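Thanks for coming. Please have the structure open.

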Amino acid sequence: MRRIWTILFIIFSVSLSWAQNSKPVVYLIPGQGADARLYKNIHLDSLFEVRNIEYFTPEKEWDMSDFARQLAKQIDTTSRFSLVGVSLGGMLATEMADFLKPDTVVLVSSAKSRKELPFRYRVQKTIPVYKFVPGSIVKLGAKVLQPIVEPDRGKDAKTFKAMLRDKDPKFLKRTVKMILEWDRQEFDPRIVHIHGDLDKTIPARNVAFDYLVEDGSHMMVLTRGELISQLLNQILIETLE
């Protein structure tokens, strides 16, 4: 009997030690034309474990909610976690907030609902030309427009080009459809939103932001990593208090 109690005590002690030493996880969700490299200049406090959500090409019939639920399978919900999403990643994080229980959700250069998207997106939904455009043309268009839309792209053009080059044209086409057909009207009021005043993809005038970054572009997570890291650490650490 004494041996059984000893074994149980050891198991309890190990479990308690593991629970005390485990860190809250921060899941980083990239933008449509990006991957984990987008966050290479983001440095979170050692209080957190950082994991990247990896994209894959969604099924043709999926909408934003469907894709969010599939990506959420990469998240361990048995321990504390938070979500950080950029652009498309922020929209997906907004969807995940409905069915997961994160400590917090932080959006950067993104939108929480359809009304925060620019007017041209609504026009493209009404006149769905995008449905007839091949994925290869969508990718080519992104390559041409990126230097125009992202004013500070030159700060790390090599990374921008590499991320876009590695994207599956089908992924781009199907996620364009998701964004243009996104009908979300409401969102979790606890979501924290960081936006740049020079964002040309999702103009700040459409967004109910919590933090406005001066001279911040749509890709400021990559080009203004130090400042964005400071804001993220501030927001995330507050959730631990």
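In helix α3, the buried residues are Leu88, Gly89, Gly90, Met91, Leu92, Ala93, Thr94, Glu95, Met96 and Ala97. Buried here means under 20% relative accessible area, exposed means over 50%, and partly exposed is in between, with a 1.4 Å probe and protein chains only. That is ten of the twelve residues of α3, and the helix is mostly covered. Helices are DSSP runs of H or I with at least four residues, strands are runs of E with at least two, and both are numbered from the N terminus.

A word on the source. This is a predicted model, in which local features need pLDDT of at least 70 and side-chain atom pairs count only at pLDDT 80 or more, while totals for chains, interfaces and linings use all residues. Residues are numbered from 1 along each chain as its sequence is written, and side-chain values use heavy atoms, with hydrogens and water left out.

What do the buried residues of α3 pack against? They pack against β1 (25-29), α2, β3 (81-86), β4 and α7 (169-180). Contact means heavy atoms within 4.5 Å.

Take α2 next. Two packed helices are described by the angle between their axes and the distance between the axes. For helix α2 (residues 64-71) and helix α3 (residues 88-99), the axes come within 9 Å and cross at roughly 75°. The two helices are therefore roughly perpendicular to each other. On the α2 side, the contact is made by Met64, Ser65, Phe67, Ala68, Arg69 and Leu71; on the α3 side, by Leu88, Met91, Leu92, Glu95, Met96 and Phe99. By class, that contact has nine nonpolar, one polar and two charged residues. Nonpolar covers Ala, Val, Leu, Ile, Met, Phe, Trp, Tyr, Cys and Pro; charged covers Asp, Glu, Lys and Arg; the others, Gly among them, are polar. As for the angles, under 35 degrees counts as roughly parallel, over 145 as roughly antiparallel, 65 to 115 as roughly perpendicular, and the rest as oblique. The axes are lines fitted to C-alpha atoms, for helices over the stretch in contact, and angles run from 0 to 180 degrees between N-to-C directions.

Now the sheet. It is open, has six strands in the order β2-β1-β3-β4-β5-β6, and its pairing is parallel. Two strands pair if DSSP finds at least two bridges between them. At the edges stand β2 (49-52) and β6, each with a single partner strand, so one side of each is left without a neighbour in the sheet. On average, neighbouring strands are turned by 20° against each other, direction ignored.

Five of the five residues of strand β5 (residues 192-196) are buried, so the strand is largely enclosed by the rest of the structure. In a regular strand the side chains alternate between the two faces of the sheet. In β5, both faces are covered, with Val192, Ile194 and Gly196 on one side and His193 and His195 on the other. Three parallel bridges join β5 to strand β4 (residues 105-108), and valine 106 has valine 192 as its bridge partner. Three parallel bridges also pair β5 with strand β6 (residues 211-213); there, isoleucine 194 has tyrosine 211 as its partner.

Histidine 195 of β5 has 0% relative accessibility and so counts as buried. A polar atom of the histidine 195 side chain lies 2.6 Å from the backbone oxygen of isoleucine 202. Not counting residues up to four places away in sequence, histidine 195 touches several residues, including Ser109, Ser110, Pro203 and Met220.

Two loop serines to finish. Serine 87, in the loop between β3 and α3, has a positive phi of about 55° although it is not a glycine. Serine 87 is buried, at 13% relative accessible area. Serine 109, in the loop between β4 and α4 (119-126), has a positive phi near 55° and is buried at 0% relative accessibility.

Notes. Polar contact = N/O pair within 3.5 Å; in protein donor to acceptor, adjacent residues only side chain to side chain.
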